[in-house]
Amino acid sequence: MTTESTSMFNGVDLHCKTNNTEHRTNEISVERLIVRRGQPFILTLKLSQSFNHDLHPLTITAETGEHPSEERGTKSSFGVPDNARRSSSAKAVWKMEIHNSSMGNLTLNITPPADTPIGEYRLTVKHKDDEALLATPAVLFNPWCPDDWVFLPDEAERQEYVMNERGIIYKGSGNYLISMNWDYGQFEDNMVEICLKILDKNHKHLKDPADDVSARCNPIYVGRVVSAMINSQDDNGIVMGRWSNQFWGGVPPTHWSGSHDILQKWFNSGCYPVKYGQCWVFAGVMCSVMRLLGIPCRVITNYQSAHDSNRNLTIDVNHPDYGVNVRPDKDSIWNYHVWVEAWMRRPDLTDDGKYNGWQVLDPTPQEMSDGVYCCGPAPVKAVLNGDTDLKYDVPFVFAEVNADCIDWLVRRDGSKQKIFSDTKRVGQNISTKSVGSNKRMNITDSYKHREGTTKERSVFKSAVTNTNGESPAGKLPPPKVSMRFDEVSAPVNGQDVNLNLVLNSKSKVSRLLSITTSVQGMTYYGSPVGSIQTDVKLETLLPGKDLIIPIVVPFLIYNKYMKDSDSMKFSVIVTDKERPIYSYLAEDDVVLMDPPISIKVVGPVRLYQEMTVELLFLNPVQETLKDCVMTISGSGLLRREIQYRIPNLPPNHRVLVKLPITPYKIGERTFVADFDCSVFRNAKGSASVYVQM
């Protein structure tokens, strides 16, 4: 800062490197002042004359937003001595004290309160009639401050859920848990500007900017705003969702391996939605934004996730008899669904802190909440206890993890036969990355009591009563024929899929069974892509004996369907020929493993020193791969993703890509490679390196 020679103020030293290191924001920048609320920072005024606060006070004013107000907590005047005139109803009052005073320099300790709204501030200083702009710092939430609503006591968890730029997102299905690396990159270039722009573009800010900026003191409010802004369903949101096989004008959701490229594209395009995303993309991007803002956040995957459209906590699944077509179900069960949890207090619900802690926030646009496509924050403890009368959106989240399923057989005449009632199918292997390691952590017990226990059924009945005011209907007895699927070999894309269907009965007599087996290509969100094969046969099940039926799906048959599918659904309906009122159901969602991408680092890995990364891919199928593209990304290693177009790759041929890279951040970093072609859609590979000085 420079001013006229007659000014009291000759300049200011913001001590950006020192302050940002103390506030744990130096990974973002050491050139811009970025601080956390509830924690002091220093700045040094360079004065043209000595300062005597007994004669003339020094006053600093902090303002944020277009309509700053003391009553709203978006303006605060404070000084040395602190006799600044302020409203009796002033909120979020900043504090200041002299740290050091020497000839020509005045060093001040300034503390934004732990309840000040986050955002960009204007700091101005006034001494007598002399006034000057000092800085425009960014103020973030502070999970290290006990008075901040996002305070997280454990340092290892703060490092994981705020500071870690690398993560793992789980996909696949309940029996095939697949992990993928995700680059959050929350401390990459322009992330402060991008995340504050997200807040300014939300519809509440456009409607009432003064009220919106004031409400940014509250992580509950901010989380809800971010949840709405990640999707573009009804605003200028970041990612456009697409749940079909047409991705004109963009890339399929499986292309993405990180958040920063998406956020940068949105920001650079004038806030035009990036095409396209699905649940794990929405969740990954939201986690990046929340961590940058200072709210502890983690990505959660729920397998066998229910979408309860009518909120009766029951999912009706229709199964057509052989040769029968049925309309798609409004209710559905997804192989998996991904959302985020954010850590915060919930004093809006109780005074005793009962619902403090992890809160579900879901940015995928499924259902409206208060007229907006957002979801949460819903306390995980409320979901566990079946407290579905609490805000926000607890009934929807409860159904996702604990709805009951009723399976119906739809016959040719349109009649429906209830063939199975399942209380255990929904909400399996709820997963997130472990703290400090890449291991999977199963957190199912934090969402629901153990299936089949008296407590679990009691909570379910309570949830139904809280939601609908009625008790659930009774359950059907268990089926008399048990069925399971056994793998003959691991399912790999490019090879035939082999399973055995194993049937058993406690019946003391032989039973003639009609066995209808169907295999469909499915999206992860429960929509069929196409019928791969169907088979009907009669078999006799002997008492006390296993009946084993091989199921083989050749690659040449399933290939054209799996290009647009996420899994194969094997469905078997067994009907007792002598007593047709007895039908039984078995299902399995099989996820095919993609062929590997080999990643090798050549040479030492040092900061600002060029090294070489080699990526190798072998075509394992007897078909030429066309339209081949290799995409490489990694925060701290590459400032933007790099794409290589590769010539057609004949069977059993390999491609080797050599990439020169210059790391620009120290510590553990991850390369993520994506290979897309005519047969394999966005196969992933990754490798971690440690960047040394």
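Biologist: Where is Tyr 608 found?

Modeller: This is a predicted model, in which local features need pLDDT of at least 70, side-chain atom pairs count only at pLDDT 80 or more, and totals for chains, interfaces and linings use all residues. Numbering starts from 1 along each chain as its sequence is written, and side-chain values use heavy atoms, leaving out hydrogens and water. Helices (H or I, at least four residues) and strands (E, at least two) are DSSP runs, numbered from the N terminus. Tyr 608 is found in the loop between strand E31 (597–602) and strand E32 (611–618).

Biologist: Is Tyr 608 buried or exposed?

Modeller: Phi of Tyr 608 is near 60°, a positive value in a residue other than glycine. Accessibility is classed as buried under 20% relative accessible area, exposed over 50% and partly exposed in between (1.4 Å probe, protein chains only). At 58% relative accessibility, Tyr 608 therefore counts as exposed.

Biologist: What is the relative accessible area of Arg 24?

Modeller: Arg 24 has its place in the loop between helix H1 (16–22) and strand E2 (34–36). Arg 24 is not a glycine, yet has a positive phi of about 60°. Arg 24 is partly exposed, with a relative accessible area of 28%.

Biologist: At what angle do helix H3 and helix H8 pack?

Modeller: Axes are lines fitted to C-alpha atoms, for helices over the stretch in contact, and angles run from 0 to 180 degrees between N-to-C directions. Angles under 35 degrees count as roughly parallel, over 145 as roughly antiparallel, 65 to 115 as roughly perpendicular and the rest as oblique. H3 and H8 are therefore roughly perpendicular to each other. The axes of H3 (residues 191–201) and H8 (residues 279–293) are 10 Å apart, and the packing angle is about 105°.

Biologist: Which residues in H8 are met by residues in H3?

Modeller: Contact means heavy atoms within 4.5 Å. From H3, Met 191, Val 192, Cys 195 and Ile 198 take part, and they meet Ser 288, Val 289, Leu 292 and Leu 293.

Biologist: Which residue in strand E5 pairs with Trp 94?

Modeller: The structure holds 18 aromatic pairs, where rings of Phe, Tyr and Trp (its six-membered ring) pair if their centres lie within 6.5 Å, with planes under 30 degrees apart counting as stacked, over 60 as edge-to-face and the rest as tilted. The rings of Trp 94 and Phe 78 have centres 5.9 Å apart and planes at 15°, so this pair is stacked. Trp 94 is buried, with a relative accessible area of 1%. Trp 94 lies in the loop between E5 and strand E6 (95–102), so the pair ties together parts 16 residues apart in sequence, and the partner in E5 (residues 75–80) is Phe 78.

Biologist: How far is the charged end of Arg 291 from the centre of the ring of Tyr 184?

Modeller: A charge sits over a ring if NZ of Lys or CZ of Arg is within 6 Å of the ring centre and within 35 degrees of the ring normal. Arg 639 lies over the face of Tyr 664, at 3.8 Å from the ring centre. The charged end of Arg 291 sits over the ring of Tyr 184, and its distance from the centre is 4.6 Å.

Biologist: What is omega for the peptide bond from Lys 391 to Tyr 392?

Modeller: Tyr 392 has its place in the loop between helix H9 (380–385) and helix H10 (394–402). The peptide bond from Lys 391 to Tyr 392 is cis, with omega near 5°.
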